[in-house]
Amino acid sequence: MSEPIGDLTNRMRDIFRLVVEAYLDRGQPVGSKALTGSVSLSPASIRGVMQELEERGLLTHPHTSAGRIPTETGLRLFVDGIMHSALPLARERAVIEAQLKDRPVEEALAAATATLSGLSACAGVVLAPKTELRLKQLSFLPLGPDRALAVLVSTDGSVENRVVPLPGDTSAVALAEVANYVSARLAGLTLTEAEARLRVEITERREALDAAAAELVARGLADWSEDHAHRPVLIVRGQANLIDEGTAADLERVRRLLDELEDRQEIARLLEGAREGQGCRIFIGSENRMFALSGSSVIAAPYHGSEGQVVGVVGVIGPTRLNYARVVPMVDFTAQALTRYMR
């Protein structure tokens with residue numbers, strides 16, 4: 001928790017702001033001489049103020065340089081108390097909104113996320129709305145006397161496979177009959193609806209289905225539906241933006257960040273935490289456990305559906321040396337554009 005900005009003198013506040021802005025702009029430690037043209041103080045006086053800011057935990061200096069860089073505490077103070085931000089440029093807003101026109105939901109989300117990634121020079125991430133699969137076709141491939149491969153095709157064209165155990169008295173013929181019934185009579189239903197309809201058939205015996213095989217399929221549909229409901233739909237775009245000429249001296253941090261971006265479940269859990277609130281959430285470095293090793297920042301904002309409910313989260317992940325004043329409004333605008341699209 002950083003100290004209140006009001007605890008700093010005006011001189012300290014001015015020097016601190018200049019150091020942070022220069023560091024975020026160039027990515028290099030900032031020395032006193034670099035600030036002499038911006039304030040009416042001597043280099044020695046500037047160094048004295050920078051030393052005071054370092055003693056307060058807001059600045060630090062790499063051992064190879066006499067210049068200072070902001071600490072994570074300092075960045076938090078800057079973001080919360082000093083930073084001034086404005087709307088993205090008109091052309092940037094137009095580019096983001098153009099990605100959402102006349103496209104299916106997931107395609108529009110992926111395109112908007114890729115655009116946000118490119119504009120911010122970060123990795124773009126979006127947690128998509130959860131939609132229940134609708135059944136198109138179900139089939140079984142026997143793998144032996146006690147196992148079969150269940151193949152489920154949904155109406156959106158996705159295919160999922162699962163190995164299922166078979167009771168000893170379940171015949172391949174009985175499984176095929178149930179699968180044919182499901183494909184012919186239950187196509188277009190959600191997995192939950194298909195399970196309920198199949199259980200009615202089992203109870204009322206309106207179809208000549210093998211009860212054991214039908215019960216096996218009904219349980220399988222229920223399990224599949226529950227698994228899908230808890231599986232996050234996460235889209236990540238633009239990891240390559242994290243590797244540029246400025247990362248040559250910090251390759252280990254970038255490697256760690258790229259490794260962390262592979263853990264989709266953890267990223268999804270992090271974004272879920274940004275669902276609360278109306279605007280952007282900003283996690284800087286070790287404030288978030290997942291990206292503590294790479295020292296990365298996450299900026300995320302929720303977007304809403306037709307009834308005003310939060311249906312997803314969009315954001316960016318990048319180094320702590322971000323142009324927060326530019327990127328925060330960009331993420332916020334993308335969330336607002338997605339909200340308009342979802343309605």
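Predicted model: local features only at pLDDT ≥ 70, side-chain atom pairs only at ≥ 80, totals over all residues.
Student: Why is Gln99 called buried?

Tutor: Buried means under 20% relative accessible area. Gln99 has 18%, so it counts as buried. Gln99 sits in the loop between helix H4 and helix H5, and its contacts include Ala108 and Thr115.

Student: How do you know that Arg76 and Glu287 form a salt bridge?

Tutor: The test is a side-chain nitrogen of Lys or Arg within 4 Å of a carboxyl oxygen of Asp or Glu. For Arg76 and Glu287 the N to O distance is 2.6 Å, so the pair meets that test. The two are 211 residues apart, with Arg76 in helix H3 and Glu287 in the loop between strand S8 and strand S9.

Student: Are Arg76 and Glu287 buried or partly exposed, and why?

Tutor: Arg76 has 13% relative accessibility, so it is buried. Glu287 has 40%, between the limits of 20% and 50%, and is therefore partly exposed.

Student: What makes Arg134 and Glu193 a salt bridge?

Tutor: Their side chains meet at 3.6 Å, N to O, and the limit is 4 Å, so the pair qualifies. Arg134 lies in the loop between strand S3 and S4, and Glu193 in helix H7.

Methods: Residues numbered from 1 in each chain as written. Heavy atoms only, no water. Helix = DSSP H or I, 4+ residues; strand = E, 2+ residues; numbered from the N terminus. Buried < 20%, exposed > 50% of the residue type's maximum accessible area, 1.4 Å probe, protein only. Contact = heavy atoms within 4.5 Å. Lists of a residue's contacts leave out its neighbours within four places in sequence.
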